[in-house]
Amino acid sequence: MSHSNDSSDRLSHLLDEITLNLERHLVQHPALKHNVKTSENLIQLMRSERDWLQKVCLSTLDQADLEWLDAQGQRLITDFHVAIHDVFELLDEAQHFMISNLPKLESLVDPATLSTNLKKAREAIAKGFFYASVAQWRKHILTRRRFAHPMMEQHKQWLFELCDFLLGALNTSPQMDDALCPFADWLNSLEARMVIFEANSDREELAHKILLTHKQIHNEAHITYVHWKLKEYYRAQVHFEQVMQSFLMLDTYLNDCLAEYQQNAYENFLRFLVSQRELIEPLHYYLVIHEGLVSSPGVFSHHKKALLERFKRTLLHQLEALRIDYISETFQNSLHVLIGNRDEKLNQTQLMQAVVSEIEQETELPLDKELRIHWFELAHLETFITVDQFRILFSYLATDDSLTSLSPITHSQLNHYAKKITQDQKLLHRLQRALEKGAFELHFQPIVTADNRCKLVECLVRLPAGNGKLVEAGRFIHLVEEYQLTQQLDLIVLTLLLDALPHLSGITPEISVNLYPSSFGNPAALERINTLFHCCQQNGLSLILEITEHEAIKHEATLQKLHKTGVKFAIDDFGSGYSNFSSLLDLASQNTVEVVKLDGTMLDRIESQQKRRQMISFITDMARKLDLQPVICEFVDSQTKLDILRAMPSELLFQGHFFSRALSLSQLKEDYG
């Protein structure tokens with residue numbers, strides 16, 4: 001008994017000595033220096049080392065010993081976050097240290113038993129480490145924010161299945177063949193081509209990296225599975241880490257592509273369309289769905305946006321059900337969809353009718369009165385080769401009254417638009433040069449009483465076209481808006497009006513000018529408005545700024561400030577689309593606006609349509625009761641319309657060709673001076 005105790009004491013003493021020397025050596029290892037940060041952690045680690053050394057040095061390890069070592073392997077990753085290669089480097093050093101100290105252990109430890117036990121210990125520690133690592137990675141992926149692209153979300157589910165299978169929660173392994181993975185199909189899709197396209201000069205290299213990285217995920221997963229099956233947990237862990245690192249790298253590649261694309265999504269969408277136009281087969285179609293001609297703000301605009309979003313969901317759901325390749329992009333009030341169908345010719349009319357029918361049944365709304373839906377074959381766009389040409393085309397489709405709300409665009413119609421676009425591009429270059437030089441002219445249209453006395457003059461901008469000809473604003477204003485030139489144009493108009501003010505005195509008591517909403521947030525424009533107002537006062541004139549009710553609500557604080565100085569405001573184009581009567585009531589109660597301009601389109605067919613006359617009578621009567629006087633009626637072009645309007649019991653002024661077209665300053669002086 002005494003001999004046995006002496007042997008045990010000697011072994012314990014030697015193990016303490018070996019553990020201390022081993023710890024002095026291993027504590028300098030970079031992995032432990034980085035992860036063991038407190039003396040408490042160091043003591044815990046030393047105790048664990050002494051315990052497993054004692055188990056290894058004693059007789060054959062039993063199941064309980066192996067389970068304990070398994071738990072230590074788990075702790076190395078969960079408590080100390082040591083990488084697997086560092087763990088086994090530390091184990092190798094510990095094993096070498098033990099073997100080199102065998103002479104000190106003398107007959108207390110059998111070398112063969114020690115060697116066998118060290119091997120079992122390594123396997124047990126690797127097993128614990130592996131399963132803890134799989135569980136930890138699974139939790140990390142589960143709690144991570146959503147991935148940037150839905151395809152990565154789908155691949156995340158594949159990772160869950162892999163982890164669950166390795167952890168024993170699933171009986172069947174996930175698909176290991178990368179070629180059969182949905183991600184491989186996606187790489188051949190229009191969307192993948194478009195996203196990778198934004199890598200510009202690096203797109204081919206990036207596409208290659210994405211392809212190889214995805215392949216590596218599946219290859220490493222298969223190798224992990226093989227080693228896991230053979231219970232070679234160290235090797236399984238090494239390859240499992242490669243799976244996860246490759247997955248994160250794939251996500252990084254896609255994030256970079258998406259970040260580039262989303263910086264200017266619509267522009268990039270069109271750039272891709274242009275780049276692919278010559279490569280796209282005739283069986284590709286382009287659809288553009290607009291909110292329609294009405295784009296007024298407020299509750300009706302929200303209604304239309306919701307309807308457009310519903311249309312998008314329904315259409316894309318049907319395309320996915322038909323397994324048709326597509327890409328889509330929403331921009332402002334429109335949805336753009338590029339469809340690729342490689343198997344058979346897509347009957348786009350039937351598809352659109354099916355979508356419209358489904359939504360009409362759900363909403364009980366006549367969709368053709370709410371949205372404008374057009375489609376065409378890309379093969380018919382032979383002459384469309386630039387982003388600007390496509391952008392202008394879509395602007396035409398949104399506003400062309402000759403098109404039905406639900407219709408294909410034929411080859412001949414596209415050719416017609418192409419000619420118009422060529423003209424527009426020439427006009428755009430002229431417009432840009434004029435903006436650079438400030439080379440515009442103002443014309444003035446009188447707003448008069450029924451007996452043609454001038455009460456107000458509206459300033460209208462014209463673009464010189466050479467040879468003494470002028471281009472009216474209606475011909476180029478869509479280009480100003482499309483290319484975001486509104487603030488530049490407003491500054492020029494305000495400057496030209498300042499120069500004209502001295503000549504307007506004595507012709508009219510008031511002048512009005514229409515400004516874009518963005519100018520009310522532009523300090524330079526606000527400064528010029530103040531200068532214009534003071535100049536008007538010096539010349540005995542009142543200044544009226546024409547705005548829509550939406551602009552008035554959006555810039556209410558700025559308008560109130562200007563109104564207090566004496567600037568007047570008129571609601572322009574009231575009655576167009578879905579004007580917001582509630583907004584008008586608020587503005588009237590705050591005295592922000594004083595005048596209402598009735599949209600000229602409301603006068604169409606008033607000679608024959610009693611309901612139109614009743615609506616105009618209702619609006620003018622409401623304006624009178626809100627003390628919004630006078631009401632200005634635009635587009636008065638006949639004696640009949642004038643007689644109908646004069647019969648209404650409100651204070652009205654009239655603007656239109658029946659009295660006078662827009663005049664140059666000299667003509668205005670001659671006719672009304």
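Predicted model: local features only at pLDDT ≥ 70, side-chain atom pairs only at ≥ 80, totals over all residues.

Me: How many residues of helix 10 are buried, out of how many?

Reply: 6 of 8, so the helix, which spans residues 190-197, is mostly covered.

Me: At what angle do helix 10 and helix 13 pack?

Reply: About 110°, with the two axes 10 Å apart; helix 13 covers residues 265-276. Since angles from 65 to 115 degrees count as roughly perpendicular, that is the label for helix 10 against helix 13.

Me: Which residues make that contact?

Reply: Helix 10 brings Leu190, Arg193, Met194 and Phe197, and helix 13 brings Phe269, Arg271, Phe272, Ser275 and Gln276. Sorted by class, the contact of helix 10 with helix 13 has 5 nonpolar, 2 polar and 2 charged residues.

Me: What about helix 17 and helix 18, what's the angle there?

Reply: About 75°, again with a stated axis separation of 10 Å; helix 17 is residues 411-437. Helix 17 is therefore roughly perpendicular to helix 18.

Me: And who meets whom between helix 17 and helix 18?

Reply: On the helix 17 side you have Asp424, Leu427, Leu428 and Leu431, facing Arg475, Phe476, His478, Leu479 and Val480 of helix 18. The class count for helix 17 with helix 18 is 6 nonpolar, 1 polar and 2 charged residues.

Me: Switching topic to aromatics. How many aromatic pairs are in the whole structure?

Reply: A search finds 16. One of them is phenylalanine 130 with tyrosine 233: the ring centres are 5.9 Å apart and the planes sit at 40°, so the pair is tilted.

Me: Where do phenylalanine 130 and tyrosine 233 lie?

Reply: Phenylalanine 130 is in helix 7 (residues 111-143) and tyrosine 233 is in helix 12 (residues 233-262), so the pair ties together parts that are 103 residues apart in sequence.

Me: Are phenylalanine 130 and tyrosine 233 buried or exposed?

Reply: Phenylalanine 130 is buried, and tyrosine 233 is too. They also belong to a cluster that ring pairs build from Phe130, Tyr131, Tyr233 and Phe240.

Me: What does the pair of phenylalanine 520 and phenylalanine 569 look like?

Reply: Their ring centres are 6.5 Å apart and the planes make 55°, so this pair is tilted. It links distant parts of the chain, 49 residues apart: phenylalanine 520 is in the loop between strand 9 (510-514) and helix 20 (523-538), and phenylalanine 569 is in strand 11 (residues 568-574). Phenylalanine 520 and phenylalanine 569 are buried.

Me: Which charged end sits over the ring of phenylalanine 160?

Reply: That of arginine 138, at 4.9 Å from the ring centre. There's also lysine 420, which lies over the face of tyrosine 396 at 4.4 Å from the ring centre.

Me: Tyrosine 286 next. Where is it in the fold?

Reply: Tyrosine 286 is in strand 1, residues 284-290. Its relative accessible area is 0%, and because buried means under 20%, tyrosine 286 counts as buried.

Me: What does tyrosine 286 touch?

Reply: Leaving out residues up to four places away in sequence, its contacts include Phe269, Leu270 and Leu273, then His336, Val337 and Leu338, and also His374, Trp375, Phe376, Leu378 and Phe394.

Me: What is phi for glutamine 484?

Reply: About 55°, which is positive although glutamine 484 is not a glycine. You'll find glutamine 484 in the loop between helix 18 (473-482) and helix 19 (486-504), and at 68% relative accessibility glutamine 484 counts as exposed.

Me: And arginine 605, what's its phi?

Reply: Near 65°, a positive value in a residue other than glycine. Arginine 605 is in the loop between strand 12 (595-598) and helix 24, and with a relative accessible area of 44% arginine 605 is partly exposed.

Conventions: Residues numbered from 1 in each chain as written. Heavy atoms only, no water. Buried < 20%, exposed > 50% of the residue type's maximum accessible area, 1.4 Å probe, protein only. Helix = DSSP H or I, 4+ residues; strand = E, 2+ residues; numbered from the N terminus. Contact = heavy atoms within 4.5 Å. Phe/Tyr/Trp six-rings, centres within 6.5 Å; stacked < 30°, edge-to-face > 60°. Lys NZ or Arg CZ within 6 Å of the ring centre and 35° of its normal. Axes fitted to C-alpha atoms, helices over the stretch in contact; angles between N-to-C directions. Parallel < 35°, antiparallel > 145°, perpendicular 65-115°, else oblique. Nonpolar A, V, L, I, M, F, W, Y, C, P; charged D, E, K, R; others polar.
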